[in-house]
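Subject: Structure handover

Hello,

Here is the structure I promised to pass on. Please open it alongside this message.

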Amino acid sequence: MVRGVTQQRLETEIAIGEGADPALPASDNGVRVTPMMEQYQAIKAAHPDYLLFYRMGDFYELFFADAEVASRALGIVLTKRGKHLGDDIPMCGVPIERADEYLHRLIALGHRVAVCEQLEDPAEAKKRGPKSVVRRDVVRLVTPGTLTEDTLLEARSNNYLLAVTRARASSPDAPSRFALACLDISTGEFRVSQCDRLALAAEIARVEPSEIIISDALYSDPDVASLWRGLSVVAPQSRDLFDAATAERRLSDYFAVATTDAFGSFSRLELAAAAACVTYVERTQLGRRPPLSPPTRETVGTTLLIDAATRANLELTRTLTGERRGSLLGAIDRTLTAAGSRLLAQRLSSPLTEPAAIARRLSVIDRFAGDPALRGEVRDHLATAPDLARSLARLVVGRGGPRDLAAIRDGLVAAAALAEHLERAIDAPTELIEATAGLRRPGPAISAELAAALASTLPLNKRDGGFIRAGFERSLDESRELRDESRRVVAELQARYADVTGIRGLKIRHNNVLGYFVEVTQQHGDKLLSAPHNVTFIHRQTLAGQVRFTTTELGDLAAKIASAADRAAAIELEIFERLTQMVTAACDAIKEAASALAVLDVAVGLATLAVDGGYVRPEVVSGPDFVVTGGRHPVVEQALLRDGGPFVANDCDLSPPAGETSGRIWVVTGPNMAGKSTFLRQNALIVVLAQMGSFVPARYARIGVVDRLFSRVGAADDLARGRSTFMVEMVETAAILNQAGRRALVILDEIGRGTATFDGLSIAWATVEHLHEVNRCRALFATHFHELTALAANLPRLHNATMRVKEWRGDVVFLHEVMAGAADRSYGIQVAKLAGLPDAVIERAKMVLSELEAQDRASSARQLIDDLPLFAAIPRTKSRPNEAPGASALHTALASIDPDDLSPRQALEALYALKLAAAKTEE
Ligand code: ADP
Ligand code: MG
């Protein structure tokens, strides 16, 4: 193996001078540019933003700056080969058999790669004359959002390309509109939606794209520039991609339809985004068209809006440290197929807001949950279903192999078998009936033909041959017989030669350079080189230990074998193309079966979860209700279960009190570690689960549809995100107070902790009042400011809840139980004692505390309630988010300074004062 590589590398070194000719005219400064370098530079110039993988023999080589970038990124040796304009050419190379692995790493690092292949046999090029260069061109642009290879993709995640377009506001006051088109070419999913500036970041977070394309103009627009800078996957593109005038035509061309009307009615803005996607795909796939579903519109308001911070905070699809394990998705995923897992992630990322649509999904789970036998059968079949969608996409773009055909065969067989079972199921809900019809769509012919054609063990690559079953095609069988027969004759010939020469160790071998040859050890070499054997044996090569010969007879035989083998290979490739054509022609039907499989997988998976985990069907209704009885945290519960501990279930009721139309706010107090954060999050997660169409971990749940979900954790608690600045906390709180409407659910955990006590308390206080009086949304507010509980006296929809703790011989025991009422104390000192603080410190802290308690902060808060005018009575000044709060203080201080009037010492003091003021602003 090692020798093989060295040898190929040697050939490459020779090839670098490909087309080099000493008689070539010298360029201006007296140095020659070889024709190969000319070709390289022309190709590179056409793809300036890409690292160019330039195929030479068994390597992809990179040159110049590309080589430097790649060698650093991949940790491979940077060499120098040949000269260009008098300088050494930096070069590094990647062996083709490991190219996918290197591509994967480069893409993951955010690079894009242009793959340039040899388009003819180097022998062909030579025939054109010694100076000619092997024809090469780029066959594919590899970008993060346009991958199809299994080795480059995560099986259980979608890989989205997202295009964003914007319509400028008609007047300065009107908000701009944005259209988003997202596309996964590895599965064919294609969706379009619209939103405004406020929802844009949340929409992008929902899709979690691997690559975002926007126009150069949008990229540099000040209104959105900060958003793009915060995303690592944005790739600005030239404006022609986003041209609205040609969008409709580009889309209908792609789908080969006369007009896009058949897909539904799209705005110009949406068409432009969708067209940008397909044009970008055509460009990167060099004209090949992966099998996309026609774009479907996601109507505004049909999904629950969840912004990026809330997603991260609730750890919906990954934990704060970026892992799937430990996230909600990780906890509820009982799917058996990669496609099912992808669909589950999609549904979790886009919970619905339509009670009827949610109920349709829940009914299927109900059906499966109540029928263990059916569930078992369906799971057995699903377990045998490979990833139909991705194999299909690879076959259509010409990157498929024999194993992709086998995947189609097995997937279709599983689909048909499943349909059989489901048709026998009685009382099937609508979604199940539809899925069953989808499974039937491709019919039995395709899988039957594939089953007849494909051999039982398959090579990865079609060029390796041997994947068509014997007996499938006569001409192939004949060529193979001829080839194998000749191979037998070679074996006979070897025996005969050994006999005639008396050299028992004589072997007939084969390699790619010499073809077939006779090989004997050095000591026997002379014998064949002299009479009488030298008449038959013609010397080819002498190596250190062996001498190699050929014979006329062997030459003839080799030619026969080669032609039979070539013919067999050609026939196999022909059959492969034919089968691929057949599959491509049935593309839509196969895709439908694939998505039906995914739908079933999700339903059965969620039903399994519901049964195993004791989940119930939630009642999802319109209106402001919110009742969860015996609710549990799906992730914490599983973690505790593994450690053998019980999870304490808790109730939550945010429904409007009698006579009110807006929901309640719960202020939850209690010591550290008592379970406040867990309680808050479990209720948010129950909403997400219910609205995605899953059962929920509770004894009973009645959820009035939530349209926006917000969850924030105070800066001091938000250590995992590594952004524990008070500013971030305030920016995020501002977003909630500005955006949450009546149907929102707001989770605020320890807001106001990141600053001095009285500041924090005041902010928390005002925030609760605002939520109650202005936003009028349902909310859960965990806080260590016990003073806030006093607000319940004046705010009718405020409810105080606290975590039960027991004190036992001076220690605190957490019961994790939520009950009505306010915590009377923090138990901070008890917690500190549990944590092992020295006794002396604990004792001293107790003394200080009792001193402070003498001043009775709590009663002063009650005083506050009486003294302060009610929040609603305060004239509401419109907030101006752009103005940093401390900036004006700094301005005032600056304005009061007259530099001409200061002594040097005063100037210095003024400077210190300003710095101090500035530092306070940043806090
Ligand atoms: P707080 O926010 O009040 O400081 P957390 O919600 O972070 O408390 O909970 C602290 C720990 O207590 C959790 O990590 C979990 O192990 C445990 N816990 C929380 N709620 C429960 C519960 N309902 N049942 C059992 N254990 C719980
Ligand atoms: Mg907490």
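Below is what turned up, from the whole chain down to single residues.

**Overall**

Bear in mind that this is a predicted model. The chain has 923 residues, and 50% of them are buried. DSSP runs give 32 helices and 27 strands. Along its principal axes, the C-alpha trace spans about 120 × 90 × 65 Å.

**Nonpolar cores**

The largest nonpolar core holds 112 residues. Phe368, Ile408, Leu439, Val583, Ile590 and Trp666 have the most contacts inside it. Helix H23 (residues 587-613) contributes the largest share of this core, with 16 residues. Another core lies apart from it and has 45 residues, including Val33, Tyr50, Leu251 and Ala274. As background, nonpolar side chains in soluble globular proteins tend to be buried together.

Trp666 is worth a click. Which residues is tryptophan 666 in contact with, leaving aside its neighbours within four places in sequence? The list is Asp651, Cys652, Asp653, Leu654, Phe679, Ala779, Leu780, Phe781, His799, Ala801 and Val818.

**The six-stranded sheet**

Six strands make an open sheet in the order S3-S4-S2-S1-S5-S6. The pairing is mixed. Strand S3 (79-84) and strand S6 (136-142) are at the edges. Each has a single partner strand, so one side of each is left without a neighbour in the sheet. On average, neighbouring strands here are turned by 35° against each other, direction ignored.

Look next at the S2 and S4 pairing. Strand S2 (residues 59-63) and strand S4 (residues 87-95) run antiparallel and are joined by five bridges. Phenylalanine 63 stands opposite methionine 91 in S4. Phe63 also belongs to an aromatic cluster with Tyr40, Tyr54 and Phe64.

Helix H3 (residues 64-74) lies across this part of the sheet, over strand S1 (51-56), S2, S3 and S4. H3 runs at about 45° to S4.

**The four-stranded sheet**

A further open sheet has four strands, ordered S18-S22-S19-S20, again with mixed pairing. Strand S18 (619-621) and strand S20 (650-653) are the edge strands, and each pairs on one side only. Here neighbouring strands are turned by 15° against each other on average, direction ignored.

S18 pairs with strand S22 (residues 700-704) in the parallel sense, over three bridges. Within these strands, valine 621 stands opposite glycine 704 in S22. Helix H25 (residues 676-692) packs on the sheet. H25 touches S18, strand S19 (626-631), S20 and S22. The direction of H25 makes about 110° with that of S19.

**Aromatic pairs**

How many aromatic pairs are there? The count comes to 12.

One of them joins phenylalanine 255 and phenylalanine 263. Their ring centres are 5.2 Å apart and the planes stand at 75°, so the pair is edge-to-face; the cut-off is over 60 degrees. Both phenylalanine 255 and phenylalanine 263 are buried.

Phenylalanine 467 and phenylalanine 576 form an edge-to-face pair as well, 5.8 Å centre to centre, with 80° between the planes. This pair links distant parts of the chain, 109 residues apart. Phenylalanine 467 is in the loop between helix H19 (445-453) and helix H20 (474-501), while phenylalanine 576 is in helix H22 (residues 552-585). Are these two residues buried or exposed? Phenylalanine 467 has 0% relative accessibility and counts as buried. Phenylalanine 576, at 3%, also counts as buried.

**One last residue**

Alanine 345 sits in helix H13 (residues 338-349). Why does alanine 345 count as buried? Its relative accessible area is 17%, and the cut-off for buried is under 20%. Arginine 297 is 48 residues away from alanine 345 along the chain. The C-alpha atoms of the two are separated by 19 Å.

That is the handover.

Best wishes

Terms used. Residues are numbered from 1 along each chain as its sequence is written. Chains are lettered from A and ligands numbered from 1 in the order in which they are written. This is a predicted model: local features need pLDDT of at least 70, side-chain atom pairs count only at pLDDT 80 or more; totals for chains, interfaces and linings use all residues. Side-chain values use heavy atoms; hydrogens and water are left out. A nonpolar core is a set of buried Ala, Val, Leu, Ile, Met, Phe, Trp, Tyr and Cys residues joined through side-chain atoms within 4.5 Å. Buried means under 20% relative accessible area, exposed over 50%, partly exposed in between (1.4 Å probe, protein chains only). Helices (H or I, at least four residues) and strands (E, at least two) are DSSP runs, numbered from the N terminus. Contact means heavy atoms within 4.5 Å. Two strands pair if DSSP finds at least two bridges between them. Axes are lines fitted to C-alpha atoms, for helices over the stretch in contact, and angles run from 0 to 180 degrees between N-to-C directions. Rings of Phe, Tyr and Trp (its six-membered ring) pair if their centres lie within 6.5 Å; planes under 30 degrees apart count as stacked, over 60 as edge-to-face and the rest as tilted.
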